[in-house]
Amino acid sequence: MHVAMIGTGYVGLVSGACFADFGHIVTCIDKDAGKIERLKSGGIPIYEPGLDKLVAQNVQAGRLFFDTDAAEAVKKADAVFIAVGTPSRRGDGHADLSYVHAAAEEVAKLVDGFTVLVTKSTVPVGTGDEIEAIVKRVRPEADVAVVSNPEFLREGAAIEDFKRPDRVVVGTDDDRAREVMRELYRPLYLNETPILFTGRRTSELIKYAANAFLAMKITFINEVADLCEAVGADVQQVARGIGLDNRIGGKFLHAGPGYGGSCFPKDTLALVQTARQYGAPIDLVETTVKVNDERKKAMAQKVIRAVDGQDLSGRTIGVLGLTFKPNTDDMRDAPSLDIVPALQAAGAKVQAFDPEGHEARQMLADVDFKDSPYDVAEGADALVIITEWDQFRALDLDRIKLLMKRPVMVDLRNIYKPDDMKARGFAYTSVGRPGV
Ligand code: UDX
């Protein structure tokens with residue numbers, strides 16, 4: 001099959017490379033000429049483990065191409081995917097669909113013969129109908145079926161998630177489109193991956209409902225963690241104790257500083273807006289958004305309590321990890337973006353290290369960026385772990401302790417054990433676990 005992928009962000013680039021690896025002929029298209037040039041010369045604009053190799057192999061095999069101009073690829077395509085950004089619109093939290101609409105309009109002008117136009121971007125319920133209307137307006141005679149095919153991949157595990165997903169969701173009522181989608185995902189059929197065919201609006205809602213549910217699950221365990229601290233219980237054991245119940249499931253029950261990233265914050269907000277707009281508000285998700293926002297800011301209080309102060313004036317706080325989660329360079333809505341300013345507002349001088357979060361330098365003011373965890377520890381009154389990069393799990397703690405002014409560790413991801421840390425002479429605070 002011939003595929004045109006409009007948009008080479010995380011989702012577009014990974015999906016394009018994986019479809020090429022399935023054996024299809026794929027052209028990834030982006031308006032950003034610099035990005036396309038970089039991709040053509042073997043560079044990858046994002047950090048995603050394994051993606052560089054996958055792209056290189058498929059380029060070499062003659063299955064993966066890059067272009068700034070959509071014309072040729074769209075003409076040949078059996079399926080055109082729209083994988084452009086849908087950021088939160090400033091002010092109201094609605095998803096900004098201007099890029100999606102522009103892409104639909106452009107594709108409508110270019111298609112030749114029956115073409116499946118697929119939204120991979122996360123789009124609010126009803127967007128498929130809007131795209132259909134755009135196509136009808138621009139080219140009434142075009143033979144196009146508009147399909148919803150949301151993407152559930154996680155950053156940092158994107159290739160694995162795309163190639164071995166729990167399920168694929170395809171929203172369409174069109175038989176010809178169903179056949180094209182089946183053919184595109186054929187290797188997954190062989191793996192017995194469930195492919196769920198639904199109506200288009202249902203498919204669009206599945207994506208939001210899934211992300212909102214996961215965000216709610218994380219927020220639930222975070223609140224339970226606070227309760228654990230108050231009553232002297234251990235949230236990790238509570239998570240295991242409830243997660244072994246198959247109806248609950250053990251995943252996404254790691255208590256931490258609050259969820260961040262390019263999806264959960266934006267998608268929960270957009271779902272809240274859609275639900276209100278249709279007069280069916282979802283209170284649980286509205287509360288999730290509020291609790292998570294407050295939680296990120298409240299983490300600074302934990303640090304203040306750990307250093308035994310009224311505030312953090314005159315203190316140096318070392319921060320390990322700034323990206324919203326490990327194995328990504330993505331800083332979007334990262335908890336660090338709330339926590340670090342809150343530490344500074346409490347009077348602290350902050351020094352920080354992240355292996356890939358280079359953009360933090362533009363996003364966080366007055367932070368002293370260091371080149372290693374040990375440089376961050378030097379002279380610090382407390383060390384705060386915000387993101388659980390693997391390299392922070394294997395620190396030379398004796399060296400860290402010697403470098404610090406005072407051996408205070410605030411571990412917001414529970415990567416160390418309280419009794420071990422105590423034995424090593426640290427004043428150690430974590431999330432939802434009793435001190436020793
Ligand atoms: C998420 C969804 O998992 C994915 O299906 C969807 O398509 C896009 O959004 P992603 O944003 O890449 O993927 O990251 P994910 O691993 O889900 O983590 C999101 C946030 O939740 C991170 O800030 C992470 O640290 C936090 N989290 C996750 C927790 O705090 N606890 C958990 O148990 C799991």
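Which helix gives the most to the shell around the ligand, and with how many residues?

Modeller: This is a predicted model, and what follows is computed from it. The helix in question is H10, residues 200-231, which gives the most to the shell around the ligand, with three residues. The shell as a whole holds 20 residues, and the ones that come nearest to the ligand are Glu155, His254, Tyr259, Gly261 and Cys263. Sorted by class, the residues around the ligand are ten nonpolar, six polar and four charged.

Next, the domains. The chain is divided into domain 1, residues 2-198, and domain 2, residues 287-429. A distance of 37 Å separates the C-alpha centres of domain 1 and domain 2. Contact between the two involves five residues of domain 1 and seven residues of domain 2. On the side of domain 1 that touches domain 2, three residues are nonpolar, one is polar and one is charged.

As for helix packing, two packed helices are described by the angle between their axes and the distance between the axes. Take helix H1 (residues 10-21) and helix H3 (residues 51-60): their axes come within 9 Å and cross at roughly 50°. Because of that angle, H1 counts as oblique to H3. The crossing of H1 with H3 is left-handed. H1 brings Val14, Ala17, Ala20 and Asp21 to the contact, and H3 brings Leu51, Leu54, Val55 and Asn58. By class, the contact of H1 with H3 consists of six nonpolar residues, one polar and one charged.

The other pair is helix H13 (residues 283-306) and helix H14 (residues 336-345), whose axes come within 7 Å and cross at roughly 45°. H13 is therefore oblique to H14. Here the crossing is right-handed. From H13 the contact takes Lys296, Lys297, Met299, Ala300 and Val303, and from H14 it takes Asp338, Ile339, Ala342 and Leu343. The residues of the contact of H13 with H14 include six nonpolar and three charged, with no polar ones.

Notes: Residues numbered from 1 in each chain as written. Predicted model: local features only at pLDDT ≥ 70, side-chain atom pairs only at ≥ 80, totals over all residues. Axes fitted to C-alpha atoms, helices over the stretch in contact; angles between N-to-C directions. Helix = DSSP H or I, 4+ residues; strand = E, 2+ residues; numbered from the N terminus. Parallel < 35°, antiparallel > 145°, perpendicular 65-115°, else oblique. Left-handed = near helix turned anticlockwise from the far one by under 90°. Nonpolar A, V, L, I, M, F, W, Y, C, P; charged D, E, K, R; others polar. Domains from an automatic or database assignment. Near = placed C-beta within 6 Å.
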